[in-house]
Amino acid sequence: MRKILHYALNRVVITALILLSQVVFFILEISKWGNYYMEIAFVLRCLSFVAVFTIIWRPNNPAVKLAWVVPILIFPLFGGIMYLSFGHVFLPKKLRAGMERTNVLMRKSLRQEKEVMDRLKTGNPGVANQSKYILDYAGMPVWEQTSAAYYPEGIIYWKNLLEDLEHAERFVFLEFFILCEGAMWNAVLDVLERKVKDGVEVRLIYDDVGSAFLLPKKYFETMEKKGIKCVAFNRLIPFLSLILNNRDHRKIVVIDGRVGYTGGINMSDEYINYTHPHGDHWKDAGIRIEGVAVWNFTVMFLQMWNMSRYTEEDYSRYRYCFEQKLEFAGCVQPYMDTPLDEEILGENVYLNMIGYAKKYIYIYTPYLITDNEMYTALKLAAKRGVDVRIVTPGVPDKKMIYWLTQSNYQNLIEAGVGIYQYTPGFLHSKCMLCDDEVAAVGTINFDYRSFYHHFECGVFLYQGDVICELKKDMMETFAVSECITLEWCRKKFMKTNMIGPFLKLFSPLL
């Protein structure tokens, strides 16, 4: 039943059904609905007209607008339904009001330490400008006095997380896109249940669609019975725009306000290679931070919690008081992106880093389906002599998206960008590293859904040992990955030059 539901709610399947509906509509027009065709067609065309007008009116990227207008014009009867299903930012009114209300509390809770920003401006004005952008548009300050550790594999992340959870004394906050019963989650849940009995407050947020096919029905009620406060974010209800868009794609763990985790790693056994659904190996990345910067993650979680539960509370009681001063270990700036504003902050952080780079840009991403601005930035960086390398999966999780990713290779390679496919299996990491100085590790893919539709998060990093750890992993990954050539692209001509460009017309849907 879960597999049937999974396929029934798949975006590609629903898109195909919508297109099939257009064909069926014309057949019914001839057979049964001839007398009502004009009225029905008029209503549907009006809906498509409203969708096109809305797209043109919104201050979006022109390439994104065009990517939506084209399929609507091709399928005028059901194009409006497609847009409402996949392209419209639409949350329940109460949930949206909750976000606006909690934004005020979030801004009051987070304050930039002037001394930190001043030192950053003196030391590296370019990095300071990036941090100021994140502060101004996400409300997230940059911090010193925070250590960071990079995890190149999910199994390492998981084992360290379990150890930290065992030391929790006051509270544990967890927020994941995917929860799946299995060895990974069950081990975490076992610790959480014991901690609840010891008086530790535990809160859990999981995305209802991300976990819909993996958890028992109303799993949040099961958690509540165990003493774990739980929210299923934006619960599955019979409206496609709510089901498929604006999901909580973040992965956050906060322990006592002292330790924080994020990255691409969800709570499911493939992330620790206990199962192998896509190739022989699943590669992912996580990051652990300890210090004052964890406060950003604490506030992020509490904002999402209060928005979903429609509650208000004093954030400050969850702030950890660090007494011991650490030696300078670089700057750490956890940040978030939301689909409820017109600022595509997740993409812009990447674009700023690409523009900043002078020597090299290394990127991990499972999907490479983005707008023209990103492709132009990557190509211009390569043309000005920057060593640009992008690692994508060698094994697909979704074939159509895989083909679409590959269809972008040739144009990038011709501009001098290095493309690598991770040979051992599927790569799910979302990381960028530039010039041995700055990096971003988080949940944000190079695709439309991460940039435009999902709630996301990441950590912007400047200097420190974590930069070296990430670079070491990337160099090792290049060594086991296939370097894609123009000859390879020509051999895949049908997929990359024929099917790919056609799929680009529907890229915002995928």
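**Stop 1: the largest cavity**

Select Met99, Arg250, Met300, Gln303, Met304, Met336, Asp337, Thr338 and Phe455. These residues line the largest cavity. Keep in mind that this is a predicted model. The space inside the largest cavity is about 50 Å³.

Now colour by element. Helix H13 (294-309) and strand E9 (331-337) are the elements that each give two or more residues to this lining. Which element gives the most to the lining of the largest cavity? Helix H13 does, with three residues.

Next, colour the lining by residue type. Five residues of the largest cavity's lining are nonpolar. Two are polar, and two are charged. Click on Arg250 and Asp337, both part of the lining. They count as charged.

**Stop 2: the second largest cavity**

Clear the selection. Pick Pro366, Tyr367, Pro393, Val395, Pro396, Asp397, Lys398, Ile401, Tyr402, Thr405 and Phe426, which line the second largest cavity. About 40 Å³ of space lies here.

Show helix H16 (residues 399-406). Helix H16 supplies the largest share of the lining of the second largest cavity, three residues.

Colour by type again. How many residues of the lining of the second largest cavity are nonpolar, polar and charged? Eight are nonpolar, one is polar and two are charged. Look for Asp397 and Lys398 in this lining. Both count as charged. Then find Thr405 in the lining, which counts as polar.

**Last stop: the count**

Show both linings together. How many cavities of 30 Å³ or more does the model have? The count comes to two.

Notes. Residues are numbered from 1 along each chain as its sequence is written. This is a predicted model: local features need pLDDT of at least 70, side-chain atom pairs count only at pLDDT 80 or more; totals for chains, interfaces and linings use all residues. Side-chain values use heavy atoms; hydrogens and water are left out. On a 1 Å grid over the protein atoms alone, a cavity is a set of points where a 1.4 Å probe fits but cannot get out, and a pocket is an open set with protein on both sides within 12 Å along at least five of seven lines; lining residues have an atom within 4 Å of a point. Grid points are joined across faces, edges and corners, and a volume is the space filled by probe spheres set on the points. Helices (H or I, at least four residues) and strands (E, at least two) are DSSP runs, numbered from the N terminus.
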